[in-house]
Amino acid sequence: MPDPFTDVDTAPPEMIEIMATALETRAADPSMSPIVDGYLDALDISDGTVIVDIGAGTGGVTRQIATLFPAASVLGIEPSVALTQKAVELASSLPNLSFSVGDGAQLDQSDASADVAILHTVLSHVHDPTILVNEVVRILRPGGTLVICDADFSKAAMANVPGDPLGACVEAFVSRAVTDPWLTGKLRPMMRKLGLEVDRFTIQNRVVTEGLGSLVWVRMSSASLVSEGVIGQPLADALEAEYIRRAEDGSLYGFLPFVTLIARKPE
Ligand SMILES: C[S@@+](CC[C@H](N)C(=O)[O-])C[C@H]1O[C@@H](n2cnc3c(N)ncnc32)[C@H](O)[C@@H]1O
């Protein structure tokens, strides 16, 4: 099954709902705050700064950006009509934030029209990240800032012992819902190839020991396995119940490193 995040609108409606809920749950999860705040704090934002969040999903991170920088003009661009509709509904109270439907590899924006461009967990879901980043760099002004934050899915884990069923869920998630689990190790060579100067390359571990922040790994993989006829709904329900049991009794251990790269377009 292809990564449903590469073309969200072609996924079954119930899968789109799972993805939308997962994105909102993750954006609100306290374990993501140090990662997102880490790059937002590093940005130099003044009145009228144009910030473009490409692959904005339901806008969970985009709303955080618009809230933190009320004097900036924030635009979320997202190829999925379904996710964009949700993003617009959820952002109605933020006057400095707007959304439009668009493909990051073919943007409508003119050259050098943005000061900051953000790609938050997008590139691991696209087939040719270099083409997309090149297009994003086109709309950045000289001296503008590119932020790429993505998960190193090659190291994702949720197993407490070998053969742990929740560990199998993570493997099923990565093989079905991530296009390139090894993307993060390719980012610095990509920046060199595109002529960008890397100011920062940091790795922070996201460890989920409580709450529903990593339930997406179980929900999305179970839904795929059920639709493929590999498992039945009773096992999918049991896997979700097991996740919740661990979250409640303190034995949950979700682990995922996040890489943040901040680069500058040469003047
Ligand atoms: C894991 S989601 C992340 C969404 C959002 N950035 C967040 O962190 O909540 C990946 C997003 O990338 C989007 N995406 C996939 N291909 C894209 C492309 N070619 N251009 C822009 N966005 C794309 C998907 O539609 C999806 O919303």
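**Labels and their cut-offs**

Author: Start with K86, which has 24% relative accessibility and counts as partly exposed. Keep in mind that this is a predicted model.

Reader: Why is K86 called partly exposed?

Author: Buried means under 20% and exposed means over 50%. K86 has 24%, so the label is partly exposed.

Reader: What makes E17 and K86 a salt bridge?

Author: The closest N and O atoms of E17 and K86 are 2.8 Å apart. The cut-off is 4 Å between a Lys or Arg side-chain nitrogen and a carboxyl oxygen of Asp or Glu. The pair is within it, so the name applies.

Reader: Why does the pair of E17 and K86 tie together separate parts?

Author: E17 belongs to helix 1 (residues 13-28) and K86 to helix 4 (residues 81-90), so the parts joined are 69 residues apart in sequence. E17 is partly exposed, at 40% relative accessibility.

Reader: How many salt bridges does the structure hold?

Author: There are 16. One of them joins R138 and D111, at 2.6 Å from N to O. R138 sits in helix 5 (residues 129-139), while D111 sits in the loop between strand 3 (97-101) and strand 4 (114-120). The two are 27 residues apart.

Reader: Why is D111 called exposed, and what is R138 called?

Author: D111 has a relative accessible area of 53%. Exposed means over 50%, so D111 qualifies. R138 has 25% and counts as partly exposed.

Reader: Which residues do salt bridges that share partners join into one network?

Author: D164, E242, R245, R246 and D249.

Reader: Turn to the rings. How many aromatic pairs does a search of the whole structure find?

Author: Three.

Reader: Why is the pair of F153 and F173 called tilted?

Author: The ring centres of F153 and F173 are 6.1 Å apart, and the planes are at 50°. Pairing needs centres within 6.5 Å. Under 30 degrees is stacked, and over 60 is edge-to-face.

Reader: Where do F153 and F173 lie?

Author: F153 lies in the loop between strand 5 (140-151) and helix 6 (165-177). F173 lies in helix 6, and the two are 20 residues apart. Together with W217, F153 and F173 form one aromatic cluster.

Reader: What makes F153 and F173 buried?

Author: F153 has 6% relative accessibility. F173 has 4%. Buried means under 20%, so both labels hold.

Reader: Why is the pair of Y253 and F255 called stacked?

Author: The planes of Y253 and F255 are at 10°. F255 is buried, with a relative accessible area of 19%, whereas Y253 is partly exposed, with 37%.

Reader: Which residue lies over the face of F201?

Author: R188, at 4.1 Å from the ring centre.

Reader: What makes phi of T121 a point to note?

Author: Phi of T121 is near 50°, a positive value in a residue other than glycine. T121 lies in the loop between strand 4 and helix 5 and counts as buried, at 9% relative accessibility. A112 also has a positive phi, near 55°. A112 lies in the loop between strand 3 and strand 4 and counts as partly exposed, at 39%.

Key: Residues numbered from 1 in each chain as written. Predicted model: local features only at pLDDT ≥ 70, side-chain atom pairs only at ≥ 80, totals over all residues. Heavy atoms only, no water. Phe/Tyr/Trp six-rings, centres within 6.5 Å; stacked < 30°, edge-to-face > 60°. Helix = DSSP H or I, 4+ residues; strand = E, 2+ residues; numbered from the N terminus. Buried < 20%, exposed > 50% of the residue type's maximum accessible area, 1.4 Å probe, protein only. Lys NZ or Arg CZ within 6 Å of the ring centre and 35° of its normal.
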